[in-house]
Amino acid sequence: MAFDSLLKKADPIIAGALDRALDGKDISVNEAIELFDCNGLEMNLLVTVADELRRRSVGDIVTFVVNRNINFTNVCIKQCGFCAFSRDFREEEGYFLPPEEIVRRAKEAAKMGATEVCIQAGLPPNMDGHLYIDLLSAVKKEIPGMHVHAFSPEEVLYGATRSEVSTLEYLKMLKEAGIGSLPGTAAEILDQQLRNIISPGRIKVDDWISIIKGAHSLGIPTTSTIMYGHVETSKHKAEHIALLREIQKETHGFTEFVPLSFVHTEAPMYSHNTVKNIRSGADGNEVLKMHAVARVMLNNHIPNLQVSWVKEGPRMSQILLSAGVNDFGGTLINESISTAAGAQHGQLMRPREIKQLIRSAGRIPAERSTSYKLLKIFRDEKDDTESELDTADASQFGSYHQLIKLDKFRYDPK
Ligand code: SF4
């Protein structure tokens, strides 16, 4: 009743949109734009509705996955304006991990209880098109049970181009070699005009959609993402999410949606001021609204909404659990891409830290597989078992800043 009276005091368009969402209906792009632009009472109502929709569709469990990122090279032929990770092949800080080191890292992760390795990297010049298949096969041969979540649509396109096969053929080769799922990264904002400004040369919108739909058609699930807080408008954000919603209605292949806020500190388009009106990332209210609007827009189609602790840090991530989020992402162990861009939240979050943040938000932590199968629910603190990752000395995993200085893995352009 109290909630209804607050809705009556709110802007009628926003109140109407939230009311319809609570009735289980999809909201329109125009309504989503209004939600992205709201503040004060309307923003609080939006967050409350997102939280309620989350509760109705996925309950109080907040999941996380024990995984390790392996960004095997930072050498890349592209120069995306937001990317501080990539190095030109002539630069001193270029590194390239050989297959045996990738397998070693995957095995070490398995020993720590990881169920997933996430493999993504730059696009090194003259790459053997079969490299991605070989890396995947090498990991699967040594650790058949490990879920390999790897190769963004940009990498699939590169692997296919270098192998002179279609992207669908390439996806079939990945599937045969045992790929578990693809990261739905390289999406940023799926608007070609905007991409031409922030990352000319980046995978085209049509190619991104075609590769994602191709993966889904082969039974390879993918995540879905957005990168925001740079030059996009509310309309871009609303249309991007609506596009993902349409794809999902057709394929049902997205496992989750992950908002990624732009980390500006070291990003070339910010530090060199190459893009007009570039912003220094999303502010607190924008981050809150992004997650809440995503829950409202996608609740009927993509039930899982993930917060990126790497981008938002532990405190903001915890707050976002009350704005529609039901997944805390992964332990990561070696986060490099946001760290290179200047993110300050570390490269590893241990299961015990994740569980603590979830519990003190009044929710129930659970470890999941990549495909959201619940592996262990930690209803009570007494159910907690300390994993090897909880007690491991983090220095044994090496850091991104050490890696770019190591001669051992220096990229050799020959
Ligand atoms: S985002 Fe990926 S493709 Fe673009 S420059 Fe960075 S590593 Fe290369």
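Is leucine 332 buried or exposed? Leucine 332 counts as buried, because it has 24 C-beta neighbours inside 10 Å. The cut-offs behind that word: a residue is buried if 20 or more other C-beta atoms lie within 10 Å of its own, exposed if 12 or fewer, and partly exposed in between, with C-beta atoms placed from the backbone.

Before going further, keep in mind that this is a predicted model: local features need pLDDT of at least 70, side-chain atom pairs count only at pLDDT 80 or more, and totals for chains, interfaces and linings use all residues. Residues are numbered from 1 along each chain as its sequence is written.

**The overall picture**

- The chain has 18 helices and nine strands; these are DSSP runs numbered from the N terminus, with helices being H or I of at least four residues and strands being E of at least two.
- The radius of gyration is 21 Å, close to the 22 Å that the globule rule gives for 414 residues, so the chain is as compact as a globular protein of that length. Here the radius is taken over C-alpha atoms, and the rule is 2.2 Å times the number of residues to the power 0.38.
- Taken along the principal axes, the box filled by the C-alpha atoms is roughly 70 × 55 × 40 Å.
- Buried residues account for 50% of the 414 in the chain.
- Of the contacts with a separation of 6 or more, 77% link residues 24 or more positions apart; a contact means that two C-beta atoms, placed from the backbone, lie within 7 Å.

**The core**

- The largest nonpolar core has 120 residues, and those touching the most other members are Leu35, Leu46, Val117, Ile119, Leu136, Val293 and Val296. Such a core is a set of buried Ala, Val, Leu, Ile, Met, Phe, Trp, Tyr and Cys residues joined through C-beta atoms within 7 Å.
- Helix α13 (residues 284-298) gives this core its largest share, nine residues.
- Leaving aside neighbours within four places in sequence, leucine 136 is in contact with Val148, Ala150, Leu174, Ala177, Gly178 and Ile179.

**Around the ligand**

- Which residues surround the ligand? They are Cys76, Lys78, Gln79, Cys80, Cys83, Phe85, Ser86, Gly122, Leu123 and Glu154, where being near means having a C-beta atom, placed from the backbone, within 6 Å.
- That shell divides into five nonpolar, three polar and two charged residues. Ala, Val, Leu, Ile, Met, Phe, Trp, Tyr, Cys and Pro count as nonpolar, Asp, Glu, Lys and Arg as charged, and the others, Gly among them, as polar.

**Strand β8 and its partners**

- Four of the five residues in strand β8 (residues 364-368) are buried.
- On one side of the pairing story, strand β1 (residues 61-65) runs parallel to β8, joined by four bridges, and threonine 63 stands opposite alanine 366. Strands pair if DSSP finds at least two bridges between them.
- Strand β9 (residues 374-377) pairs with β8 in the antiparallel sense over three bridges, with lysine 376 in β9 as the bridge partner of glutamate 367.
- β8 and β9 make a hairpin with five residues between them, and tyrosine 372 in the turn has a positive phi of about 70°.

**Positive phi in the loops**

- Most residues other than glycine have a negative phi.
- Leucine 332 has a positive phi near 65° and sits in the loop between β7 (327-330) and α15 (337-340).
- Asparagine 277, with a positive phi of about 60°, lies in the loop between α12 (268-271) and α13.

- Aspartate 191 is in the loop between α8 (167-176) and α9 (192-198), and its 18 C-beta neighbours inside 10 Å make it partly exposed. Not counting residues up to four places away in sequence, aspartate 191 touches Val205, His236, Glu239 and His240.
- Glutamine 192 lies in helix α9 and counts as exposed, with 11 C-beta neighbours inside 10 Å. Beyond residues up to four places away in sequence, glutamine 192 touches Lys204 and Val205.
- Arginine 105 belongs to helix α5 (residues 99-111) and is buried, with 23 C-beta neighbours inside 10 Å. C-alpha to C-alpha, arginine 105 and lysine 376 are 24 Å apart in space and 271 residues apart in sequence.
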